[in-house]
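The paragraphs after it are meant to be read with the structure in view.

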Amino acid sequence: MARPEEVVEAYLDHLTVEAGASVHTISSYRRDLCRYVAYLAERGVTSMDAVSSAHIEGFGASLREASEGRPALAASSAARAIVAVRSLHRFAVLDDGSLGNPAASVKPPKQPRRLPHALSIGQVQSLLEAPDRTSPLGLRDAALLELLYGTGARISEAVGLDVDDVSAQLDDPELGLRLFGKGRKERIVPLGSFARTALGDYLVRGRPTFNQQARRPGPALFLNTRGGRLSRQSAWQIVQTHAAAAHIDDEVGPHTLRHSFATHLLDGGADVRVVQELLGHASVTTTQLYTLVTAEHL
């Protein structure tokens, strides 16, 4: 029978090649499933047919307990790991029909519903004005912030853009910006005048400076100081830095701007179905959470 680590590698290959999962998703699943394999190995489980539902439930419980070198995971992180394990066993059954599915009866713990956190319009304005637009770094940061708030893009979608993805849109305001979301699902979003202006300024007066630092210039839209593609972690730090400069005490990350984009649209009377399409949500139920935020705000 297949060893758990072998099935994990086959499953991750499936997610990469056939399902088209993002690098971030693959990384998260790999981390969770490696923990699962280690948990099974510690209990002498070396084949998939020896796994029981009790093992999976025990794994979920262990994640909520601190161990040497690892703090206890938050409930949401533990639930995500159980979802990954359930998906792994479903794949194993499809890949080898002789296996049962011990994860079928194991449910991820229910999470308390957390409403998306949005900034006020005043806070967003302060954040967007924080970068120094007289410097290449400031021009890049301003363009990134304007894009995140102006389109509701996920951070992975923003840093994954190439120059060619936006060049035509800068010349023609009627053209939308093409974004690739989870599972490479494509959507077209409007590119507003503020984001378009900030991107144009960055491309003309900011990006060439970063491009000079690159050994081999690439197509990425947002570059780091070495001329390589800006990472999600660096983009997150950019948002944090300017939020602090704007004296915003709330916790702010790239997703906060996405939440703010959706909330402010709904506050302004946009239809929830339109906002769903702009955000790339598969279900309108996810988007409807923002209606609760606007109701609280009102």
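This is a predicted model: local features need pLDDT of at least 70, side-chain atom pairs count only at pLDDT 80 or more; totals for chains, interfaces and linings use all residues.

Residues are numbered from 1 along each chain as its sequence is written, and side-chain values use heavy atoms, with hydrogens and water left out.

The chain holds 13 helices and 2 strands, where helices (H or I, at least four residues) and strands (E, at least two) are DSSP runs numbered from the N terminus. Its C-alpha trace spans about 60 × 50 × 40 Å along the principal axes. Of its 298 residues, 43% count as buried; buried means under 20% relative accessible area, exposed over 50%, and partly exposed in between, with a 1.4 Å probe and protein chains only. Among the contacts with a separation of 6 or more, 59% are between residues 24 or more positions apart, contact meaning heavy atoms within 4.5 Å.

Strand β1 (residues 177-180) and strand β2 (residues 186-189) run antiparallel and are joined by 4 bridges; two strands pair if DSSP finds at least two bridges between them. In a regular strand the side chains alternate between the two faces of the sheet. In β2 the covered face carries Arg187 and Val189, and the uncovered face carries Glu186 and Ile188. Across the pairing, leucine 179 stands opposite arginine 187, and arginine 178 stands opposite isoleucine 188.

In soluble globular proteins, nonpolar side chains tend to be buried together. A nonpolar core is here a set of buried Ala, Val, Leu, Ile, Met, Phe, Trp, Tyr and Cys residues joined through side-chain atoms within 4.5 Å. Which residues touch the most other members of the largest nonpolar core? They are Tyr202 and Phe222, in a core of 49 residues, to which α6 gives the most, with 7 residues. A second, separate core of 30 residues includes Tyr11, Leu12, Ala78 and Ala103. Leaving aside neighbours within four places in sequence, phenylalanine 222 is in contact with Arg140, Ala143, Leu144, Leu147, Ala158, Leu199, Tyr202, Gly228, Arg229 and Leu230.

Some single residues deserve a look of their own. Tyrosine 36 lies in helix α2 (residues 23-42) and counts as buried because its relative accessible area is 0%. Phenylalanine 59 is 23 residues from tyrosine 36 in sequence and 6.8 Å from it in space, C-alpha to C-alpha. Apart from neighbours within four places in sequence, tyrosine 36 is in contact with Val51, Ile56, Phe59, Val85, Leu88 and His89.

Histidine 247, by contrast, counts as exposed because its relative accessibility is 68%. This residue is found in the loop between α10 (232-245) and α11, and has a positive phi of about 60° although it is not a glycine.

The last topic is the space left between the atoms. On a 1 Å grid over the protein atoms alone, a cavity is a set of points where a 1.4 Å probe fits but cannot get out, and a pocket is an open set with protein on both sides within 12 Å along at least five of seven lines, lining residues having an atom within 4 Å of a point. Grid points are joined across faces, edges and corners, and a volume is the space filled by probe spheres set on the points.

The second largest pocket holds about 240 Å³ of space, and the elements giving two or more residues to its lining are α6 (136-151), α9 (193-211) and α11 (254-267). Among the lining residues are Leu128, Glu146, Tyr149, Phe194 and His264. The count of cavities of 30 Å³ or more comes to 1. The largest cavity, of about 40 Å³, is lined by Arg154, Gly181, Lys182, Lys185, Glu186, Arg187 and Gly280.
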